[in-house]
Amino acid sequence: MTVAQAVVEYLSKQYTVDSVGGLEYRERLIPGTFGIFGHGNVAGVGQALKQYQQLDPTIMPYYQGRNEQAQAHQAVGYARHTRRRQTFAISTSIGPGSSNLLTGAALATTNRLPVLLLPSDTFATRAADPVLQQLEQPYAYDITVNDAFRPLSKFFDRVSRPEQLFSAFHHGLRVLTDPAETGAVTISLPQDVQTEAFDVPEEFLAEREWRIRRPDADDGDIARAAEAIRAAKRPLIIAGGGVLYAYANDELATFAELTGIPVGNTQAGVGVLPWDHKFSLGAIGSTGTTAANAIAAEADLIIGIGTRYEDFTTASRTAFQNPDVKFININVAAIDAYKHGTSLPIVADARKALVKLNQALGGYRVGADLEQQVAAEKKRWDATVDDAFDTRFTPLPAQNEIIGATSRAMDAADVVICAAGSLPGDLHKMWRVRDPFGYHVEYAYSCMGYEIPGGLGVKRAALAEAAAGGAQRDVVVMVGDGSYLMMHTELVTAVAERIKLIVVLIQNHGYASIGSLSESLGSQRFGTQYRALNEEQHSFDEGETLPVDLALNAESLGVKVIRIEPGEKVIAELEQAIRDAKAAPERGGPILIHVESDPLLDAPSSESWWDVPVSQVSDLDSTRQAFKTYTDHKNRQRKLLG
């Protein structure tokens with residue numbers, strides 16, 4: 001068989017096996033392959049997919065896409081909803097087809113989410129040299145475009161001879177299914193090698209199971225951690241995505257309820273506890289709640305569970321102001337367990353570590369004063385969000401109102417999707433999550449354009465979940481006009497497959513998030529508005545609003561569109577539109593709801609900070625004032641060696 005045929009059949013026989021919380025899972029690791037075909041893969045992987053489709057369409061289902069980067073985003077969305085047990089393979093042609101995947105690779109690796117990338121490469125034999133779209137470097141003729149994947153991938157290999165296929169895929173899938181190492185796995189396939197025939201051992205094509213490793217915590221580490229917790233007066237848990245991937249929600253709830261230790265969550269950790277749980281402080285850090293940040297400021301012990309401690313989580317290392325603060329970091333990945341110089345790293349599965357901590361801390365509970373403060377801070381923040389959701393602005397609503405209306409219209413099991421702009425921060429602090437799978441915001445890479453393809457990947461996973469007897473979930477993408485314009489092409493994919501994806505498109509005629517940031521940094525919202533060019537000033541800041549109709553754009557792609565007109569009834573009509581979209585047939589295709597907002601109406605303050613450097617000297621008064629404010633915050637920044 002050819003190399004490409006061997007790859008397709010091999011991938012169809014790979015399974016992940018997982019045991020967690022008394023449940024057993026055995027699922028196909030690669031349930032399908034995305035591909036956009038060009039001269040680099042049409043006769044290789046393309047031929048193999050067609051051949052197996054004709055033999056049996058279930059062997060390796062093929063899915064179209066409109067952009068290679070977007071295909072990677074779909075795979076990532078699917079992987080997160082399946083808790084990293086499944087992902088897609090993606091085949092591209094050479095040159096731009098491959099390099100289009102680079103952003104997707106970086107996003108997957110940054111988020112610790114698996115995706116299998118199979119970019120085609122130029123001739124291994126160099127029989128035709130150079131070929132169309134070949135990159136030539138005079139100092140190293142063996143370099144191709146695909147070498148750019150090396151720093152972006154958790155594993156990279158190039159199959160220059162058929163015999164290399166065996167080790168390349170064996171080690172690639174080892175990394176793909178490793179919770180501590182997973183991310184983008186890139187295996188480069190030269191276009192001539194894909195079509196080359198060779199003898200394939202039967203054992204390579206036999207079914208193989210990849211068990212998800214869930215390492216237990218060392219008893220000595222648990223004992224030291226328990227001792228530190230017992231000595232703490234004001235401990236705080238920071239829960240990240242690792243809690244969700246370990247299915248540790250129940251154990252975390254038990255831990256908080258037994259000890260009284262409150263829980264703040266990262267972007268990836270939203271859903272570890274319901275928003276109204278007694279010990280849930282909600283989001284923490286730069287986009288956090290005032291409740292979580294108030295407790296964090298005085299905490300003497302931080303128990304990080306499954307978090308990579310992004311700068312938003314630590315408020316750029318200003319969140320923790322107690323001079324004696326220490327860190328216990330529980331993480332399956334050593335790189336995260338050792339962060340902030342902690343002397344108490346626990347390299348382990350979050351669930352297994354929490355089981356042992358719950359046993360070791362019998363009888364321990366925080367003081368009543370901390371519990372009272374937690375209750376008071378929660379009450380204060382909940383009232384703040386209620387006010388933000390219920391205050392009405394006309395004719396254009398605040399984004400807060402739109403978030404509140406969307407939340408009210410969705411069911412508990414539904415999933416909200418977002419990635420970039422002002423929405424992720426506002427959702428992080430205000431979204432009232434009720435289900436562990438109900439919140440999916442890609443914020444490790446914060447990639448504009450992720451929302452629609454990522455949401456489509458989540459919806460694919462949700463459909464498979466429902467078909468297997470699981471929850472019925474609608475997927476609602478919230479996206480601003482800036483991010484929509486970056487990558488809306490996968491709406492065509494949803495139309496082609498009649499997938500009901502609900503998109504709430506918020507039109508504010510610019511980059512609301514960076515506009516607000518620019519203003520706070522003294523740059524006066526420069527270059528953040530969508531305006532016609534003022535040729536005299538060569539400025540896009542004061543010209544006429546562009547006559548762009550994104551609702552009409554979506555309609556032209558075959559999407560059903562509901563327009564919400566500005567006025568006093570915007571929020572009521574939006575809420576009803578989302579309910580109507582939810583009631584639409586499951587296989588009726590995507591629905592987009594278009595609503596305008598006022599970008600100058602901000603969300604409630606987190607009473608926190610994010611380190612974005614300000615020009616130290618400037619002719620602008622606004623910049624000089626911003627630098628003074630920046631210096632004040634900078635003086636509160638800590639090394640956080642705990």
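Q: Helices (H or I, at least four residues) and strands (E, at least two) are DSSP runs, numbered from the N terminus; between which two strands is the loop that holds Pro 130?
A: This is a predicted model, in which local features need pLDDT of at least 70, side-chain atom pairs count only at pLDDT 80 or more, and totals for chains, interfaces and linings use all residues. Residues are numbered from 1 along each chain as its sequence is written, and side-chain values use heavy atoms, with hydrogens and water left out. A cis peptide bond, with omega of about 0°, joins Asp 129 to Pro 130. The loop that holds Pro 130 runs between β6 (115–121) and β7 (155–158).

Q: What value does phi of Gln 133 take?
A: Gln 133 also belongs to the loop between β6 and β7. Most residues other than glycine have a negative phi. In Gln 133, which is not a glycine, phi is positive, near 75°.

Q: Which loop contains Pro 395?
A: Most peptide bonds are trans. The bond between Thr 394 and Pro 395 is cis, with omega of about 0°. Pro 395 is found in the loop between α14 and α15 (399–409).

Q: Why is one side of β2 and of β9 left without a neighbour in the sheet?
A: Two strands pair if DSSP finds at least two bridges between them. The open sheet has three strands in the order β2-β1-β9, with mixed pairing. One side of β2 (23–28) and of β9 (208–211) has no neighbour in the sheet because both strands stand at the edges, each with a single partner strand.

Q: About what angle does the direction of helix α1 make with that of β1?
A: Strand β1 (residues 14–20) runs antiparallel to β2, and six bridges join them; Val 20 has Leu 23 of β2 as its bridge partner. Helix α1 (residues 3–12) packs on the sheet and touches β1, β2 and β9, contact being heavy atoms within 4.5 Å. Axes are lines fitted to C-alpha atoms, for helices over the stretch in contact, and angles run from 0 to 180 degrees between N-to-C directions. With the direction of β1, that of α1 makes about 25°.

Q: How many residues apart are Tyr 10 and Phe 169?
A: Rings of Phe, Tyr and Trp (its six-membered ring) pair if their centres lie within 6.5 Å, planes under 30 degrees apart being stacked, over 60 edge-to-face and the rest tilted; the count by this rule is 17 aromatic pairs. Tyr 10 and Phe 169 form an edge-to-face pair, 5.8 Å centre to centre with 70° between the planes. This pair links distant parts of the chain, helix α1 and helix α6 (residues 165–176), and the two residues are 159 residues apart.

Q: Which element gives the largest share of the lining of the largest cavity?
A: On a 1 Å grid over the protein atoms alone, a cavity is a set of points where a 1.4 Å probe fits but cannot get out, and a pocket is an open set with protein on both sides within 12 Å along at least five of seven lines; lining residues have an atom within 4 Å of a point. Grid points are joined across faces, edges and corners, and a volume is the space filled by probe spheres set on the points. The largest cavity holds about 600 Å³ of space, and of its 44 lining residues the closest to the centre are Arg 84, Gly 241, Gly 242, Tyr 245 and Gly 306. Two or more lining residues come from α9 (241–245) and from β14 (326–331), and the largest share, three residues, comes from α9.

Q: What is the volume of the second largest cavity?
A: There are seven cavities of 30 Å³ or more in the structure. At least two lining residues each come from β12 (280–283), α14 (368–390) and α16 (422–430). The volume of the second largest cavity is about 200 Å³.

Q: Which element gives the most to the lining of the second largest pocket?
A: The second largest pocket has a volume of about 390 Å³. Among its 16 lining residues, Glu 27, Arg 85, Ala 461, Ala 464 and Glu 465 lie nearest the centre. β2, α3 (68–81) and α17 (451–467) each supply at least two residues. With three residues, the most comes from α17.
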